[in-house]
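Good morning, and thank you for coming. Please look at the sequence and the structure on the screen before we go through selected parts together.

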Amino acid sequence: MGNAIAAVRFRGDAEGERRLREDESLRGSLGSACWKGSTRDSRRRLLAGAVRVRADLAPGAWRAAERVRERSGDGTRVELYVHSSAEINAAVTCGGDRLLVILTSAAVERLDEEELSFVLGHELGHGVYGHLAMPIGGVPRGMSARDAMRVMAWQRAAEVSADRAGLLCCGSVGAAASALFKSLSGLSLAGGRVEPGALAEQWSELADAVAMGETAGAWAATHPFVPLRARALLHYWESDQAGGLIESCGGTRALEDVDRSVSAMLAMMDPLAEERRGLSDPVLEPFVLWGGLAVALADGTVHRRELENLRSVVDEGALRGALADRPTVESCCERFAEARARRARPLSALDLTRVFAALSAVAGADGMVAAEETGVIERLASACGVSGAFVERALARAA
Ligand SMILES: [Zn+2]
């Protein structure tokens, strides 16, 4: 069937990459081959710290890899490794003429063959689509908050592509959703499958901005992005493209229409999306302004880079006014808490993610996040009724 995997790349991902690459100011931050590290090094490190999968050592993973090779129609050489970790996860990196895919031992033990082929197809997708030439799983040091948000928005679109690749390779939307569910919950489901609709349903809750931090909805809110991925997969499963490529799929909906729905969901997480008013949104701005200043002041002085960063996401006049008041960490945290108290409705999980993504970008503006800065972020998080762990996880998921 030719290179099926290349055909299923999400348009929002390809277009997003092109927009980033066309931007002069980002030149130098985006790579041309593999984003970081020498590829020879990564292979050496893997050989030392992980086990290379062979048919006799991990037969399930081996067979899943065979299936991925067949269904993807892609000839890229893949070397598969397993390393010891209790978390169900996988990663991919360049290894010269081949891709190196690393599965955790928990993934090999708790995912069945179909689910593993979703995960492997996902990682192969990252390789085939050239994602490894872009910053992935984080943003380059010293990038402005605005640029970091643009890169992160693209990263989420890239995940949608990789999930489609995974779905193509495993051929079952139930297996794909179960793989996502298991990675998120750590549960093994005793050989059963999760109902994809049930997982995707959580997205509606999030999108409705159900109170988090005040209600027991916190569990769902800590992982805002997996429900979105599940729903994006369900949308894709209905598409005529999936219907044509995947045997058991009877999708007939126009792909263009499906892509529009997915883009609309992604835009909800993107403070800079044109459809939204952005962080100059009067509702969120005080949180970013006072929170950002508190973070910037954490080590005593506001550094130039931190200031530039803030300026890229909040109103210039408001920032000047705030600085004229000779703010301290204390006074900024108070103003932040006041903004929180003034709001009738609690901040939604998505709002919180946007705010804390901006604050983390300020904290990382000088290339490293100091312990004082982390302390302030935790304090602000608790003022919003969420834990520092929420912030960390939400940001990790955002990548
Ligand atoms: Zn991924």
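How far apart are the end C-alpha atoms of helix H2, and what span should its 12 residues have? Before I answer, two remarks on the source. This is a predicted model, in which local features need pLDDT of at least 70, side-chain atom pairs count only at pLDDT 80 or more, and totals for chains, interfaces and linings use all residues. Residues are numbered from 1 along each chain as its sequence is written, and side-chain values use heavy atoms, with hydrogens and water left out.

Now to the answer. At 1.5 Å a residue, helix H2 (residues 11–22) should span 16 Å, and its end C-alpha atoms are 17 Å apart, which agrees. The expected span is 1.5 Å times one less than the number of residues. Helices (H or I, at least four residues) and strands (E, at least two) are DSSP runs, numbered from the N terminus.

Which residues of H2 are buried? They are Asp13, Gly16, Glu17 and Leu20. These residues cover an arc of only 100° around the axis, which puts them on the same side of H2; the arc is that of the directions from the helix axis to the C-beta atoms. On the other side of H2, Arg19 and Glu22 are exposed. Buried means under 20% relative accessible area, exposed over 50%, and partly exposed in between, with a 1.4 Å probe and protein chains only.

Let us turn to the strands. Strand S3 (residues 90–95) pairs with strand S4 (residues 98–104) in the antiparallel sense, over six bridges. Two strands pair if DSSP finds at least two bridges between them. Valine 92 has valine 101 in S4 as its bridge partner. The two strands form a hairpin with two residues between them, and glycine 96 in the turn has a positive phi of about 70°.

Finally, the zinc ion. Its protein donors are His122 (NE2), His126 (NE2), Glu159 (OE) and Glu159 (OE), at 2.1 to 2.7 Å. Donors are N, O and S atoms within 2.8 Å of the metal (3.2 Å for Na, K and Ca); water is not among the atoms, so sites may look incomplete. Along the chain, the donors follow the spacing H-x3-H-x32-E. Histidine 122 and histidine 126 are separated by about one helical turn, because they are four residues apart in helix H6 (residues 113–128). Histidine 122 is buried, at 6% relative accessible area, and histidine 126 is buried too, at 5%.
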